[in-house]
Amino acid sequence: MRWRTSVGTLLAAALLAVAVPTAASATTGGRGGGPGAWEPAPQEPFEQPAGARCDFAVRVQPVVDEVRKLVISEYPDGSPRRELYTGALINDVTNLETGASTKVDASGTSLVEYGTDGSMTWYVTGPVLFGFRENGGTLPRGIWVIDGVYVVEFSPTLEKTVTMVHGTTHDVCTDLD
């Protein structure tokens, strides 16, 4: 199937880029080095009110965050066109009403392509945590761990379309009821 081959080829290239640093990444430290410079990509903690993602208010806070990104290509204005994200990311997801909490592994590897219209396409292997609002995409409202090999397309209004090649989905809200 041509589509699966294309996704597989992109994911293989992304994983190769993670495993084999380029000469530029070895000689350039931090941002400002343009394409080829690895840099930290920390996730900020965030909260959602009751009803936004879960039936209750929720907080997502990283407890392990070793995510880094590599700019692969840029648009003429210097904004990223393609970036690669990888590294350990473990989040505490907490029900703010009951205090119930669970740890979630979101340590997947993603190749992200940015459209000039505000859209994005993520080509992913492994687990990543995604929030879905009501009528916000192909999964119901919730905080979802999507794991496997898949693509997530974000429209300019941030509606998400998940195309699963192989994997699983799990709504973390159900662990915190």
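Biologist: Which residues lie nearest the centre of the largest pocket, and how many residues line this pocket?

Modeller: In this predicted model, the largest pocket has a lining of 28 residues, and those nearest its centre are Gln43, Trp122, Val128, Leu129 and Phe130. The space in this pocket comes to about 740 Å³.

Biologist: Which elements give two or more residues to the lining of the largest pocket, and which gives the most?

Modeller: Two or more lining residues come from each of strand 2, strand 5 (80–86), strand 6, strand 8 (109–114), strand 9 (120–125), strand 10 (128–132) and strand 11 (142–154). Strand 10 gives the most, with four residues. Sorted by class, the lining has 17 nonpolar, nine polar and two charged residues.

Biologist: What makes Asn91 count as buried?

Modeller: Asn91 has a relative accessible area of 0%, and buried means a value under 20%, so Asn91 is buried. Asn91 is placed in strand 6, which covers residues 89–95.

Biologist: What makes the link between the side chains of Asn91 and Gln43 a polar contact?

Modeller: The side chains of Asn91 and Gln43 are joined at 3.3 Å, and the cut-off for a pair of N or O atoms is within 3.5 Å, so the pair counts as a polar contact. Once neighbours within four places in sequence are left aside, the residues in contact with Asn91 include Gln43, Val60, Pro62, Thr102, Val104 and Leu129.

Biologist: How do you know that Cys54 and Cys173 form a disulfide?

Modeller: The S to S distance between Cys54 and Cys173 is 1.9 Å, and a disulfide needs two cysteine sulfur atoms within 2.5 Å, so this pair is a disulfide. A search of the whole structure finds one disulfide. The pair links distant parts of the chain, 119 residues apart, with Cys54 in the loop between strand 2 (46–48) and strand 3 (58–65) and Cys173 in the segment after strand 12 (160–171).

Biologist: Why is the disulfide of Cys54 and Cys173 called left-handed?

Modeller: The torsion about the S-S bond of Cys54 and Cys173 is about -70°, and therefore the disulfide is left-handed.

Biologist: Are Cys54 and Cys173 buried or exposed?

Modeller: Cys54 has a relative accessible area of 3% and Cys173 has a relative accessibility of 7%; the limit for buried is under 20%, so Cys54 is buried and Cys173 counts as buried.

Conventions: Residues are numbered from 1 along each chain as its sequence is written. This is a predicted model: local features need pLDDT of at least 70, side-chain atom pairs count only at pLDDT 80 or more; totals for chains, interfaces and linings use all residues. Side-chain values use heavy atoms; hydrogens and water are left out. Buried means under 20% relative accessible area, exposed over 50%, partly exposed in between (1.4 Å probe, protein chains only). A polar contact is a pair of N or O atoms within 3.5 Å; within protein, one must be able to donate a hydrogen and the other to accept it, and residues adjacent in sequence count only if both atoms are side-chain atoms. Contact means heavy atoms within 4.5 Å. On a 1 Å grid over the protein atoms alone, a cavity is a set of points where a 1.4 Å probe fits but cannot get out, and a pocket is an open set with protein on both sides within 12 Å along at least five of seven lines; lining residues have an atom within 4 Å of a point. Grid points are joined across faces, edges and corners, and a volume is the space filled by probe spheres set on the points. Ala, Val, Leu, Ile, Met, Phe, Trp, Tyr, Cys and Pro count as nonpolar, Asp, Glu, Lys and Arg as charged, and the others, Gly among them, as polar.
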